[in-house]
Amino acid sequence: MKETLSRPEARRIALAAQGFAQRPPAVAGTRQLNLALARMATLQIDSVNVFARSHYMPLFSRLGPYDTAALDRLLFSRRPPYVEYWAHVASFIPAADWSLFRFRMDDMRAKYGSGRDGWYQNHTEIVDWVRAELADRGPLRPAQIEHDAKATARGPWWDWDVVKNALEYLWLFGEVAIAGRRGFERRYGLAEDVVPADVLAVSVPRDEAISELMARAAKAYGVATASDLADYWRVKDRRAVMTAIHDLEDAGVLRPVTVQGWHTAGRPAKAWIHRSASVPRRVDAAAVLTPFDPVVWFRDRAERLFDFEYRIEIYTPAPRRRYGYYSLPVLIGDDIVGRVDLKADRSASTLLVQSAWWEPGRPPDAAERLAAVLRDAARWQGLDAVSVSRWGDATDDLAGAMPHARRHEAGAAAPIALAQDEPAPDERVGASVGS
């Protein structure tokens, strides 16, 4: 392996590590889903459902149309092989990895559970009561606990928000785990009722856990800077991250490299390549990506890899949106060549392309290849038609590649309601927490 990589080589390494160098299978079953999840190591959750729930998207991007019910069975069955935790924010992880995040659970408890004037300390009575409810009744939805709390006439402050906060803190502290969902509403249970006993019995020291997480991030990314690796698991302890990287370097797991065009403060950025990384001569992917895909979720890395500036405009007032409510990056070949704002109009059984835009340097067949992806996307979502708006410099090209597509005038997408138990991303209890 060379000591200096070009930016295209780094892109191909990164995409291969994430599974984009492989041809999608004819049929994606449980084995393919598990392999894709293993490559990513974690699957971020987000409640916005304008096109498809975000955790479904990375598998579609890598495997093509698949049965989402098969993924639901993997994630939400009784004693599933995956659980939810604050890994890269709220995410699915293998149940076997629960103990790797014990250090984060301890940090969460130290930050939120010990302050004399904090919410947790001021609500110990309800926290104890919620914990006892789960012990007596098993996994429950917040609404079930709230109903029982109201029936006890314990006072007006025993409302849904207080119950939900108690559950969220207990989840962050590792006392409670998510025991599946109904729709998108979580069911909470005591950790011992959800996580295998042999996993709960393991205690992984903080330094060992961070080292293992950095190794997994490096494998999932292929080539990365320290900031990339830290962000994969949102680890804020820079000293621990660098210690882990140097230990992995000494062990031969990582090797330092220079990537042309990657700079920090005007100097070449330090980067490392994982020993399992490959440099394919060609990556010929065609996909749309969720904003929460590991390929683009760290915006600094997306700019370094693809020269792609990316921001989500959900919270931008409609008149000030540049690209659309929920634009998705378009990956063609080994580069991000555009973005499309998609919306599933279930009542009309139509996939709406609310806007579409090109990035510089797209290949000549970009419109045809994106059109094929969108036809697959509509079929995957059970939609019968595609309609392309007139907003964006790629819409006419896209409509030309889809002669049977309808056209519609651009309009601001309506706000998407969050699921009942899901606050907005920046309002979650631990949204700004790192360890």
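Before you start, note that the model is predicted: local features need pLDDT of at least 70, side-chain atom pairs count only at pLDDT 80 or more, and totals for chains, interfaces and linings use all residues. Residues are numbered from 1 along each chain as its sequence is written, and side-chain values use heavy atoms, with hydrogens and water left out.

**Stop one: two helices.** Select residues 206–221 (helix α12) and 238–250 (helix α14); helices are DSSP runs of H or I with at least four residues, strands are runs of E with at least two, and both are numbered from the N terminus. Their axes (lines fitted to C-alpha atoms, for helices over the stretch in contact; angles run from 0 to 180 degrees between N-to-C directions) come within 9 Å and cross at roughly 70°. That makes α12 roughly perpendicular to α14 (65 to 115 degrees).

Now show side chains: Ile210, Ser211, Met214 and Ala215 of α12 meet Ala240, Val241, Ala244 and Leu248 of α14, contact meaning heavy atoms within 4.5 Å. Among these contact residues, 7 are nonpolar, 1 is polar and none is charged (Ala, Val, Leu, Ile, Met, Phe, Trp, Tyr, Cys and Pro count as nonpolar, Asp, Glu, Lys and Arg as charged, the others, including Gly, as polar).

**Stop two: the sheet.** Next, find the open, mixed sheet of 6 strands, ordered β12-β13-β14-β15-β16-β17; strands pair if DSSP finds at least two bridges between them. Twist averages 30° from one strand to the next.

Select 385–389 for β16, which runs parallel to β17 and is joined to β17 by 3 bridges. Ser389 has His408 in β17 as its bridge partner.

Terms used: Parallel < 35°, antiparallel > 145°, perpendicular 65-115°, else oblique.
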